[in-house]
Every structure is written in C-alpha cells, then in structure tokens.
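Here is a short briefing to read beside the structure. Keep the 3D view open and look up each residue as you meet it.

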Amino acid sequence: MNNNVEIIKTHLDIVSVVSSYVELKKSGSNHKGLCPFHNEKGASFMVNQNLQIYKCFGCGESGDVISFIQKIEGLDFKSSLKFLSEKYGIKIDLEKDVSENKDKRRLYEINNLALEFFQYILNSHDSGKIAQNYLIKKRNLKPEIIKEFNIGYAPRGWNHLSDFLKKRGFSHDEIISSSLGVSKKNGGVYDKFRGRIIFPYFSLDGKCIGFMGRTIFEEDPKYLNSSETMVFKKGEFLYGLYKSKLELKKNGAILVEGMLDYLKPYQYGLKNLCATSGTALTPKQLELLKRYTDRIYFCFDSDSAGVNAILRGIEISDKYNFEVKILQIPKPYKDLDEYFDSNPVEALNITSSAVEIIDFYLGYLYKKHSLSNASGKNKIISEFKVFYQKISNDVTKNHYLKKLSEDLELDQNVVLNSLQKNIEIPTNYAPKTSENTKETLIGVNFNSKEAFLMSILVKSTIDSSNPIVLELLDESFEDPLLRNLYKKYRSYLINENKGPIDIRQFSNTLEEAESKTLENLALLDIEIDLSSEKKVLEELKNLVSFLNTSYKKRQIKDITTRIKKAEKEKDSNTVKILMEELTQLI
Ligand SMILES: [Zn+2]
C-alpha cells in the first residue's frame, strides 16, 4: 500500500487535483481559494505546490492530496487511492478481492446500462412522453434537474429492459441479482420496474448502485426500491448525498424524506440536503453524515407532531454529537416540495428560522398539556425536567427557566425547584454512580424510582399471578415512556406468556424508543439480590407503595390547588365537586 501512495503522489499534482473542486489563484509561492470545508467569503484556503500540501487558515483543515480526497469525497484511505487511480488513470495494485471485484464490476455495468435505457425512454422515446409530462407539468421539475439527476422512465410491459440487457450480454442470473429483473416460476425473467419514473441511486463516488421507481399509474406500491445487492445497502445510503456533500460541509445537512422534497429545494438553489427515502435513520447513515457535518436539520411537515422524530433527534445529538435543529414548514404548505413551488424566496431561507430542539419540545408540550390549569403545568414541568437537567450551559439553563416561568405564569423559584427536584432513591438499591448509569438516554431519567422499579420487573422472574402487577397503577409512572412500557409489560405478562418474561421476545413487540429504554433498564446496575425471590418482592412492594402514594399526593396537591382557585373565583359548585373528589382520595 505504501508503494501505491508513492505512485499516486508522484503522478499527481495537488494543485490540479484541488482545482477540480476549488477555484485557485496564484498568490506568492502558494495557490489560494475559498475553503471547501467551511463557509467563507474571503479566501483562507492555501495550497503549496512544492510541499504538495494544503491548509485552511479559517477552519484549520490541512493535509496532502490523499487526505484532501478523503475529506472532500468522504472516502476512507483505501477508497481515496482507488478513486484517484481511477479518475486520473494511474495504475496501482489494489490486491485481492479479485472475484468480488469482478462481480461488483458487472453490477455497476448492468446498472449503468439500465440507467442509459431508462433515460433514453424518458427523453427520446414516445412511451416516455407521459412521464415527461408528469415530471415537468405535474411535479414542476425543470429539464436541467431531470438531466442532472439522471432521472428516467421504465415503460409499461414486462420485458423491455430484460430483453435489452440480454442482448447486451447479461445473463438471466445477473439480471435477477442486480434486482432489475424478477425471476418467473417457469424460469424466465421479467422487468421489476414497469410504468415507473426512475430515480437512480448513486454512490459517493458517483457510481449507479440502484434505483427507486415511482408509479405514475397509481399502482402498488407507490415507491419501489431496488433490493439490496453487493453494491447497494439501503441503510447505508442517503439519496442526494453524492451531489450535496460539499454543501453539507458548509451549511449542515437538511434531512428530508422523499425524492421531491430533495429535488425541489435543490432546483431552487437550496442544496445542502439529503433524503432518507422513507426509511428510519440508521446509525450507518449518521456515521456517513458525520463525515461531512456536525449539524442536522430535521424537516417536519406542518401537520405531523413527530414526537418520535424528536426522540430520535435527541438520541442522535447525544450519541453522535450532532447539533440538531428543527425546520418547521409553515402552514398551509404540506411539504418542502409545495413550499418551494408556492413561495421559493421565503423557502430558500428556511434554515434561518430553524428552531432549537428544546424550543420545539417545549412547543410540543404546550400543545399536549393545558397551560391554564395546575395539573397541565405540573405535567409540562415534569416532562421538561429531564431535558432541563441535561443542559450544561448556565446561560441556556437560565434562558429556559425564565421562558418556562413566564409561559406558565409561575414564580421562577418555584419552577426552578421543580426542575431540579429528583425523586430520592433509598440507598439500598441506588445505582453505582458511574458515568454510564447516570446517562439519561432518550429522555428517561434512569435515576428515578420508577426506573428502578421497571428495572427490577424486567430482570425478575415474577409472572402474571403476582399481585404486584395488579397493584401498580399506570398513572404512578410520571415518565410517559416508562408508563407505556409498563402497560405493555403488564399486558405482555398477562396475555402472551404464563411464566416469567422473555425479555428478548418482549423487546420484539416494542417500538424503537421503548426497546432502547428496555435495554437500558436491563443494563441498569441495581444493587439488589435478584436470586432471592423474597427480597425482590419486598423491594417491589416498597417501590409500588411509594409510587402509588406519590401519585396520590400529586393528585391531592392538584385538587387542592384547583379548590383554592375555585374559592378565589367564588365558584362554589366546582368547590363542592372537587371537595368530594378530595375526600374520596383521602
Ligand atoms: Zn476552511
């Protein structure tokens, strides 16, 4: 490999390589230009031809021709060598994987041929007219964009593409393993994509790796993806990243869900986006993004609340250290596509109105709970608490304390008190205070008593016949995630299995955030002897009674506040009703 580095370096001049990405001007003994790695107006990016190195005095990026390609193309070391050798026709020896490489090469070849075919049908064949019409008239895409993104059309009929591929020397097996064809029962093959607009998928180095076909005849499914192949892994791919990666470096990544939400802003000049094409974000995709940026903008439709997306957002910012912001599409626009078509000037500035994730979450809580009564205010504060405790910056903390107090019309000291309050934990099952048990992943406070209770439950071997399960009230859980998890746990115990819980099976029945929480509960370091059934039951009993009592206390407090308010307003009827409620509680 060292030999390869030498070969590459002696054959290439850094100035000419960099010049294909950055406009360089001679400046003394250096070449100078606008840095491709950060957003700047003055040129602080220097390239030195003698030393064959570059450095940016704005952001500090520096290195040689290979690290430049690694950074700008988002490739690892070996792939950068390969990239340079292919781009500049330099022969190097990249050893092994010969047979795999051959299969991959055939895949790229067949994809390329299909790409040409789809584009030809769209642009030059009669049967493509309907698709042209759809893209340009109905979806308002410009011909330049259709061309730039190599959009094509797969005609109706069963064999157009497969016949074409066969004529060009591809075998039945190759057509099927490329996911362009589907095998027939009698041994033949038919086209996978029929009557669909074709959006090709490109790898980071610009190779065609797969396709997405959108029906224009309202057939099911609306969107059809290539199956995974040796060169296409759905969870490791982001649509448009290949085109937008440099923009991402400068301005952060706007994550959108569909092709048109990507293409339309791009067409109007907002280019720092990429699309997940309908799948949930995967860790691999985040690692990919991390190569280019530390900032992610989540873009939500104006009508979807997106609690799960928020949870996902928090998780991401925590795990991968992303700065996460939220873009809200103003009403009445349904998505980015529509927003750009109707008001492109305003839409181009969408990131300037990005909302901090905390503000977005507060806004969500205000919609979820009532701001006008004590119980609503209590719920808001208690759900916001976990967020608040995670903020490390004092100014930010103070900002939100003030905001929350004003919004809820409460005294700042009272709010601060509630925000800082932790339910104390008896020492005998307090966790070891190591860093990882302190972690409050996905908003759940794992230091709380309810978390301990759940932790014991999921680890213990109690079954549905245990009275504990019936005694514990759902409402005793303050944390909505834990409450839901407990509900599912109980109904799982009662309905699904007679004996103790099978945690893996149970986990399979849960949503992502819940099974994450379950994992954390299972990992929680609690100092209690789980092998002693007597001890476990004793602890559980104490916890259940504590949580149930706390819930009752909260209720009493809430009703008392409401009574006081009603008395103030001389609303004797309400006072009477509330008093009855209160006596029932006490
Ligand atoms: Zn820079």
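Asn140 sits in the loop that links α6 (129-138) to α7 (143-148). Its phi is near 65 degrees, a positive value in a residue other than glycine. The model you are looking at is predicted, and the points below are grouped by topic.

**Two residues with positive phi**

- Asn140 counts as partly exposed because it has 16 C-beta neighbours inside 10 Å, and a residue needs 20 or more to be buried.
- Ser179 also has a positive phi, of about 70 degrees, although it is not a glycine.
- You can find Ser179 in the loop between α9 (172-177) and β7 (181-183).
- Is Ser179 buried or exposed? Ser179 counts as buried, because it has 20 C-beta neighbours inside 10 Å.

**Two cis peptide bonds**

- The bond from Asp220 to Pro221 is cis, and its omega is near -10 degrees.
- Pro221 belongs to the loop between β10 (208-215) and β11 (223-225).
- Lys331 and Pro332 are also joined by a cis peptide bond, with omega about 5 degrees.
- To find Pro332, look in the loop that runs between β15 (323-328) and α14 (336-342).

**The chain as a whole**

- The secondary structure comes to 27 helices and 16 strands.
- Of the 586 residues in the chain, 31% are buried.
- How many of the contacts between residues at least 6 apart in sequence join residues at least 24 apart? The share is 61%.

**Pairs of packed helices**

- Two packed helices are described by the angle between their axes and by the distance between those axes.
- Helix α3 (residues 65-73) packs with helix α4 (residues 77-87) at an angle of about 100 degrees, and their axes are 9 Å apart. That angle makes α3 roughly perpendicular to α4, because angles of 65 to 115 degrees count as roughly perpendicular.
- On the α3 side, this contact is made by Ile66, Ile69, Gln70 and Glu73. On the α4 side are Phe77, Ser80, Leu81, Phe83 and Leu84.
- By class, the contact of α3 with α4 has 6 nonpolar, 2 polar and 1 charged residues.
- Helix α17 (residues 374-390) and helix α18 (residues 394-408) pack at about 170 degrees, with axes 12 Å apart. How are α17 and α18 oriented to each other? They are roughly antiparallel, because their angle is over 145 degrees.
- Lys377, Ile380, Phe384 and Tyr388 of α17 meet Lys397, Tyr400, Leu404 and Leu408 of α18. The residues of this contact divide into 6 nonpolar, no polar and 2 charged.
- Helix α21 (residues 449-459) and helix α26 (residues 533-568) have axes that come within 10 Å and cross at roughly 145 degrees. The crossing of α21 and α26 is left-handed.
- From α21, the residues that make the contact are Lys449, Glu450, Phe452, Leu453 and Ile456. From α26, they are Val536, Glu539, Leu540, Leu543, Phe546 and Leu547.
- The residues of the contact of α21 with α26 divide into 8 nonpolar, no polar and 3 charged.

- Helix α16 (residues 357-368) has 12 residues. From its first C-alpha to its last, α16 reaches 16 Å, close to the 16 Å expected at 1.5 Å a residue.
- Which residues of α16 are buried? They are Phe360, Tyr361, Leu362 and Leu365.

**Two residues and their contacts**

- Ile110 lies in helix α5 (residues 98-124), and Ile110 is buried because 24 other C-beta atoms are within 10 Å.
- Leaving aside neighbours within four places in sequence, Ile110 is in contact with Leu165, Phe170, Glu174, Ser178 and Leu180.
- Ile110 and Arg168 are 58 residues apart along the chain, and their C-alpha atoms are separated by 9.2 Å.
- Leu582 is part of helix α27 (residues 572-585). It counts as partly exposed, because it has 15 C-beta neighbours inside 10 Å.
- Not counting residues up to four places away in sequence, Leu582 touches Ile556 and Ile559.
- Between the C-alpha atoms of Leu582 and Lys557 the separation is 9.6 Å, with the two residues 25 apart along the chain.

Key. Residues numbered from 1 in each chain as written. Predicted model: local features only at pLDDT ≥ 70, side-chain atom pairs only at ≥ 80, totals over all residues. Axes fitted to C-alpha atoms, helices over the stretch in contact; angles between N-to-C directions. Helix = DSSP H or I, 4+ residues; strand = E, 2+ residues; numbered from the N terminus. Parallel < 35°, antiparallel > 145°, perpendicular 65-115°, else oblique. Contact = placed C-beta atoms within 7 Å. Nonpolar A, V, L, I, M, F, W, Y, C, P; charged D, E, K, R; others polar. Left-handed = near helix turned anticlockwise from the far one by under 90°. Buried ≥ 20, exposed ≤ 12 C-beta atoms within 10 Å, placed from the backbone. Expected span 1.5 Å × (residues − 1).
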